[in-house]
Amino acid sequence: MEKQKSLKSFWLNELTWEEVAEYLKEDDIVLVPVGSTEEHGPAGPLGLDTYVAIALAEDVAQKTGVLVVPPLWFGDSDHHLGFAGTISLRTETLIQVIKDVTRSLARHGFRKLIFINGHKKANLPAINTALKDLHEYELPQVLLAVVDPVKIAGSIASKIKEHKEHHAGELEISEVWYKYPKLIRQEKLTKEEVNFEKVFSPFFQDDLFGAGKPTIDIMWNSKEQKEFAPSGSFSASDKASSQKGKKYHDYMVEVVVQFVRWLKAYKGPIGNQ
Ligand SMILES: [Zn+2]
């Protein structure tokens, strides 16, 4: 840990209000993990995206001494509602939740908030809408940043994975396997992948980490999803492994650690910190 030697925990929920107030005298950075509770095929637990966000936040906090708020276990998962256990916040609800969490943290003096999104891509419309609006109209003095695996791991993903990665695929399964080995049902890993060209068009973004291909979005609903992906998995996960998860995870932790270090020294122009 770089400082905050006196902190009993980097989890805000394990501290007292006096300890948080003490932290705020020295620092104003906080990590906000956001995940989902949605099906992740036969091999992955419902909380997979939240475990991804927790694991990233926890390891970054350990290396930088910044605080982490309790994770948001629910995300924008309407399209997975055909599967038992999925709990979804509508996009509008998630926007309001993100706004209220941000307002609370800003009120106490946190001035640099880093949202760590474990629900690759799908939570981004809500998170970005909420933060863009707050920063324009209410909190111009607060720096609001968003981390998403799809945007930070593009260069390493293709060197690690062997299949196209969309949902419940090799990379996210591997990462959780590495950090929480008991949560992956190894005997249920699958070779199956959805034939997106047939379901949507050759323009579907069938690999979230793939770049360069022209892509066109077509909306789908939970009923359609249950039909085109009956197991819940979109992508093959048979090549997943704890070792691949470690490479992928460590790379992302390092990127975010570098960003936090940069942010600690940052003095504006955003918000004129
Ligand atoms: Zn996921």
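Which residue in E4 is the bridge partner of Ile 114? The partner is Ala 145, and this pairing belongs to the parallel contact that strand E3 (residues 112-117) makes with E4 over five bridges. Strands here are DSSP runs of E with at least two residues, helices are runs of H or I with at least four, and both are numbered from the N terminus; two strands pair if DSSP finds at least two bridges between them.

The model is a predicted one, in which local features need pLDDT of at least 70 and side-chain atom pairs count only at pLDDT 80 or more, while totals for chains, interfaces and linings use all residues. Residues are numbered from 1 along each chain as its sequence is written.

**The sheet and its helices**

Four strands, in the order E2-E1-E3-E4, form an open sheet with parallel pairing. Axes are lines fitted to C-alpha atoms, for helices over the stretch in contact, and angles run from 0 to 180 degrees between N-to-C directions. E3, H4 and E4 make a right-handed β-α-β unit, where right-handed means that, with the strands pointing away from the viewer, the path from the first strand over the helix to the second runs clockwise.

**Helix pairs**

Two packed helices are described by the angle between their axes and the distance between the axes.

| Helix pair | Angle | Axis distance |
|---|---|---|
| H3 (residues 91-108) and H4 | roughly 45 degrees | within 8 Å |
| H7 (residues 170-179) and H10 (residues 242-265) | about 95 degrees | 7 Å |
| H2 and H7 | roughly 60 degrees | within 10 Å |

Angles under 35 degrees count as roughly parallel, over 145 as roughly antiparallel, 65 to 115 as roughly perpendicular and the rest as oblique. H3 and H4 are therefore oblique to each other, and H2 and H7 are likewise oblique, whereas H7 is roughly perpendicular to H10.

The crossing of H3 and H4 is right-handed, whereas that of H2 and H7 is left-handed; a crossing is left-handed if the near helix is turned anticlockwise from the far one by less than a right angle, and right-handed if clockwise.

Residues are in contact if their C-beta atoms, placed from the backbone, lie within 7 Å. Between H2 and H7, Leu 48, Tyr 51, Val 52 and Ala 55 in H2 meet Glu 172, Glu 175, Val 176 and Lys 179 in H7. By class, this contact of H2 with H7 has five nonpolar, no polar and three charged residues, with Ala, Val, Leu, Ile, Met, Phe, Trp, Tyr, Cys and Pro counted as nonpolar, Asp, Glu, Lys and Arg as charged, and the others, Gly among them, as polar.

Terms used. Contact = placed C-beta atoms within 7 Å.
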